[in-house]
Amino acid sequence: MTEEDTKDKDSQINRSVVEEICKPFIVSDDVYRKIRDVFQNEIKKGLCKYTHESASVKCFLTFVEKLPSGCERGKFLALDIGGINFRILLVNINSGENLKIEAANYELPESLMTGTGRDLFDFLAECLSAFIYKHELQKEELSLGFTFAFPLKQTDLSKGVLITWTKAFSCSGVVNHDVVDLFKQAINRRDDIRINNIVILNDTTGTLISCAWNYREAKIGLIIGSATNMCYLEKTKHIELFKGGVNASPTMIINCESGNFGSDGSLDFVRTPIDIALDQNSVNAGEQIYEKMISGMYLGEIVRLILLECVNAGAMLNGVQSEELRTSMSLDVKHMSEIEAAEPGNDSASRKIFEIMGYKRPSDEDCEHLRYICNVISTRSAYMGAATLATLVNRVGDPFVVIGVDGAVYRMYPNYPERLRKKLRDLARPEYQFCLKVAEDGSGRGAALLAATVFSKKRSP
């Protein structure tokens with residue numbers, strides 16, 4: 001056997017080892033159909049008054065009973081917070097579909113993410129005041145949509161109790177409190193601006209509302225970014241926790257909080273040992289199981305753990321572990337995106353990522369394996385997103401439905417939307433047609449549009 005033959009044989013062995021390690025992440029459509037059907041059962045538990053408390057998919061009421069009609073008019077504010085960066089928007093609706101939007105971006109000092117709730121809301125009120133004065137609105141009585149992208153339990157449109165912090169936030173004095181009331185207290189302490197009305201929503205609901213402004217058929221919202229969630233328009237007769245009375249609307253947006261799907265063990269049939277290890281080493285072990293399998297915050301970590309197994313098996317990087325490879329969360333979804341964006345055969349992005357991971361001379365084979373691993377994990381993410389989305393398409397049951405989508409993974413990751421769309425077509429009932437539309441400035445614009453829907457003086461179309 002020549003040296004070249006030996007290399008070829010070693011290469012084939014290495015490839016087979018990498019594929020074997022990745023094999024648990026590649027599952028059949030039967031498994032995705034099972035995920036779809038299990039999610040349907042979890043939705044039913046979340047909506048049922050007897051099983052809601054124990055349900056992993058909570059299906060929280062949003063009290064958003066109608067979507068924008070196009071007849072809304074006026075100026076409305078939005079404050080959109082879901083991480084270290086937040087935005088304040090002024091949306092002016094003066095005719096038809098025309099929206100004039102002015103926005104400012106802000107960054108939270110990291111100390112406020114783990115300090116007191118009072119300090120957090122005082123900072124938000126300070127920034128809101130500065131924005132209002134900049135736009136010379138201080139003498140106007142304004143309504144505001146407050147997008148608060150954390151798990152909330154609402155009792156009406158203007159009251160939302162924080163269930164738990166996520167995304168590295170841990171401010172004291174906020175969990176189990178009404179965040180609208182905390183924000184109003186901060187505004188009142190300043191006594192320099194007039195916010196008459198505040199409605200609260202999460203970013204996924206905002207995404208659906210924003211999309212509904214442009215598409216009347218929009219009834220589902222999806223975010224796949226650093227975190228993930230879904231919402232949809234449900235018939236109120238199926239919402240056992242809603243006591244709407246005779247004048248209630250026939251529908252309401254339900255905030256699924258789908259990131260927590262599987263936290264009761266219902267996804268154990270599809271979780272891999274790597275998924276389990278990732279969860280056990282996370283700050284919120286046992287929670288947000290589905291989110292940890294598909295969202296941008298965790299995709300890079302899954303790839304890192306697979307890489308580590310491949311190195312330990314001697315199939316990549318000469319079996320040598322770097323300190324960076326051993327470091328949790330050292331590989332980011334943006335690195336995966338760069339690798340998959342490159343043309344096949346162009347290894348420059350892979351080599352750059354390997355260098356970041358502490359490897360100066362990866363082989364062509366190593367680069368090929370890394371690209372393969374990234375593709376397997378991003379594809380699983382898109383397919384799992386499609387499986388739960390199919391549940392909602394089937395549940396809405398319209399001949400045609402528009403799905404409003406936002407989030408950096410969906411927007412930025414190469415070929416992700418197409419993979420999700422194709423798998424959704426396979427998993428949804430064939431009689432239901434759908435279209436995925438990126439929601440323009442979803443969570444911010446959607447918040448202002450909700451305030452407009454509730455509080456504007458409407459004109460006839």
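**Exercise 1. Are Arg380 and Asp275 buried or exposed, and how do they pair?**

Step 1: Arg380 and Asp275 are both buried, where buried means under 20% relative accessible area, exposed over 50%, and partly exposed in between (1.4 Å probe, protein chains only).

Step 2: These two form a salt bridge, with their closest N and O atoms 2.8 Å apart. A salt bridge is a side-chain nitrogen of Lys or Arg within 4 Å of a carboxyl oxygen of Asp or Glu.

Step 3: Now place them: Arg380 sits in helix α12 and Asp275 in helix α7 (residues 273-280), so to speak distant parts of the chain, 105 residues apart. Helices (H or I, at least four residues) and strands (E, at least two) are DSSP runs, numbered from the N terminus.

A word on the source: this is a predicted model, in which local features need pLDDT of at least 70 and side-chain atom pairs count only at pLDDT 80 or more, while totals for chains, interfaces and linings use all residues. Residues are numbered from 1 along each chain as its sequence is written, and side-chain values use heavy atoms, with hydrogens and water left out.

**Exercise 2. Find out how many salt bridges there are, and look at some others.**

Step 1: Searching the whole structure gives 26 salt bridges.

Step 2: One of them joins the side chains of Arg15 and Glu368, at 3.6 Å from N to O. Because Arg15 belongs to helix α1 (residues 3-22) and Glu368 to helix α12 (residues 364-396), this pair ties together parts that are 353 residues apart in sequence. Arg15 is partly exposed at 21% relative accessible area, and Glu368 is partly exposed at 48%.

Step 3: Asp406 and Arg411 also meet in a salt bridge, 2.6 Å from N to O. Here Asp406 is buried, at 13%, but Arg411 is partly exposed, at 38%.

Step 4: Salt bridges can form a network too: Asp268, Arg271, Asp279 and Lys292 are linked that way.

**Exercise 3. Work out how helices α6 and α15 cross.**

Step 1: Take helix α6 (residues 203-214) and helix α15 (residues 442-455): their axes come within 7 Å and cross at roughly 75 degrees. Axes are lines fitted to C-alpha atoms, for helices over the stretch in contact, and angles run from 0 to 180 degrees between N-to-C directions.

Step 2: That makes α6 and α15 roughly perpendicular to each other; angles under 35 degrees count as roughly parallel, over 145 as roughly antiparallel, 65 to 115 as roughly perpendicular and the rest as oblique.

Step 3: Residues making the contact (heavy atoms within 4.5 Å) include Ile209 and Trp213 of α6, and Leu449 and Leu450 of α15.

**Exercise 4. What kind of pair do the rings of Tyr413 and Tyr416 make?**

Step 1: Start with the rule: rings of Phe, Tyr and Trp (its six-membered ring) pair if their centres lie within 6.5 Å, and planes under 30 degrees apart count as stacked, over 60 as edge-to-face and the rest as tilted. The count comes to 17 aromatic pairs.

Step 2: The centres of the Tyr413 and Tyr416 rings are 6.4 Å apart and the planes are at 65 degrees, so this pair is edge-to-face.

Step 3: Check the burial: Tyr413 is buried at 3% relative accessibility, and Tyr416 is buried at 0%.
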